[in-house]
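Have the structure open and follow along.

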Amino acid sequence: MNQTQLQKKVPSLYEAFQNNFSIGAAVNPKTLVSGSDLLVNHFNSLTSENHMKFENLQPQEGVFTFEEADQLFAFAEANGKMVRGHTLVWHNQTPDWVFQDGDKPATRELALKRMKDHITAVMGRYKGKIYAWDVVNEAVTDSGEVLLRDSKWLQAVGEDYIAKAFEFAHEVDPDALLFYNDYNESDPGKSEKIYTLVKSLLDQGVPIHGIGLQAHWNIHDPSLENIRAAMERYASLGLQLHITEMDVSVFKFDDKRTDLLEPTEEMVELQEQRYQQFFDIFNEYKESISNVTFWGVADDYTWLDYFPVASRKNWPFLFDKNHQPKSSFWNIINDQK
Ligand code: GLA
């Protein structure tokens, strides 16, 4: 950033896009405190990064732990922020007890009862405070012919576990927007599967209102062409689209390099360019896209630090590790004027 930019008052990110879509950030108990200034000024929607997942909210049957989620709601209420719920039914971060009955696997009836009880307790507690929920996360396979991932939910309940989850959720909070959420959502093969799944839910009359595009992207992939094609396809279903977990890694997915303490100049330039192109597309699809959420607040903390490559930091956001706006931020803001 040059001196002129430093001296300018930093415009609010969410205000810049308020006629198009809301801007969200995923938070955890630490970043809710360390990132509070950025959250107050630049984001108008919050998502819990981990603390509203099944294993966090109901680690043992009937034992609910809402304290950390409640902190998020206290912050949201104090600062007038909306909350996106994440996530109710997923194959990961779900305790084993859900699928067991003593030493036998749980029957379909028992697994469905537990799904319903969980959804009822969690959505009931936050009813009216969550405008949109990721009801089912990542149910589709990444490759091959098979549509649905071979998960414990699929094994215990059968293919209609997805429809059931949406039906239970809609019963508890008929005003909440209900989303199917997935990653690699712009891959041509996978996006077709997501389309097929969601279309079949709609054809059965299942209450689903949107598709969440996680958007864990990087400075090389996916191509703009694939992103646009996926959005076109999803939007053709007449549903809302949310960008739910956006980050733009400076490494290609299979890049294992560990030598950098800062991103290279080339990475910074590419990231700037990519962010600008992504937001151009989001603006173009603003009739369908109603929220863009980043999977973090600023570069001082991201789940991509030390993952998938141990001992390597990443710098995927619009704010740097000192919470200053990066050149990518200024580009998309200046484009909005
Ligand atoms: C997936 C999940 C998120 C989160 C990320 C990694 O995308 O939907 O909840 O766990 O993986 O942080």
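Predicted model: local features only at pLDDT ≥ 70, side-chain atom pairs only at ≥ 80, totals over all residues.

## The core

A nonpolar core is a set of buried Ala, Val, Leu, Ile, Met, Phe, Trp, Tyr and Cys residues joined through side-chain atoms within 4.5 Å. Buried means under 20% relative accessible area, exposed means over 50%, and partly exposed is in between (1.4 Å probe, protein chains only). By that rule, the largest nonpolar core here has 102 residues, and those with the most contacts inside it are Leu 13, Met 246, Phe 279 and Phe 282. Helix α9 (residues 161-172) gives this core its largest share, eight residues. Helices (H or I, at least four residues) and strands (E, at least two) are DSSP runs, numbered from the N terminus. As a general point, nonpolar side chains tend to be buried together in soluble globular proteins.

Residues are numbered from 1 along each chain as its sequence is written, and side-chain values use heavy atoms, with hydrogens and water left out.

## The overall fold

The protein chain has 13 helices and eleven strands. Its C-alpha trace spans about 65 × 45 × 40 Å along the principal axes. A compact globule of 337 residues would have a radius of gyration near 20 Å, and the chain agrees, at 20 Å. That radius is taken over C-alpha atoms, and the globule rule is 2.2 Å times the number of residues to the power 0.38.

Of the 337 residues, 53% are buried. Among contacts with a separation of 6 or more, 77% are between residues 24 or more positions apart. The chain exposes about 14,700 Å², with carbon and sulfur atoms supplying 49% of it; accessible areas come from the Shrake-Rupley method with a 1.4 Å probe, and for residues only the protein chains shown count as cover.

Now look at the loop between β11 (289-294) and α13 (327-336), where Phe 307 is found. Phe 307 is partly exposed, with a relative accessible area of 43%. Together with Tyr 301 and Trp 303, Phe 307 forms a nonpolar surface patch of about 270 Å² accessible area. Patches are made of residues with over 30% relative accessible area and no salt bridge: like charges are joined within 9 Å, nonpolar side chains (Val, Leu, Ile, Met, Phe, Trp, Tyr) within 5 Å.

The backbone here is worth a look too. Most residues other than glycine have a negative phi, and most peptide bonds are trans. The bond from Phe 307 to Pro 308 is cis, with omega near 0 degrees. Tyr 306, in this loop, has a positive phi of about 65 degrees. His 323, also in the loop between β11 and α13, has a positive phi of about 70 degrees. Elsewhere, the bond from His 86 to Thr 87 is cis, with Thr 87 in strand β3 (residues 82-89).

## Salt bridges

How many salt bridges are there? The count comes to 18, taking a side-chain nitrogen of Lys or Arg within 4 Å of a carboxyl oxygen of Asp or Glu. Arg 125 pairs with Asp 70, the closest N and O atoms being 2.6 Å apart. This links helix α7 to helix α6 (residues 67-79), with the partners 55 residues apart. Arg 125 is partly exposed at 41%, and Asp 70 is partly exposed at 26%.

Lys 152 and Asp 96 meet at 3.1 Å, N to O. Lys 152 sits in helix α8 (residues 152-157) and Asp 96 in the loop between β3 and β4 (100-101). Lys 152 is partly exposed at 39%, whereas Asp 96 counts as exposed at 51%. Finally, Asp 142, Asp 182 and Lys 190 are linked in a salt-bridge network.

Terms used
Contact = heavy atoms within 4.5 Å.
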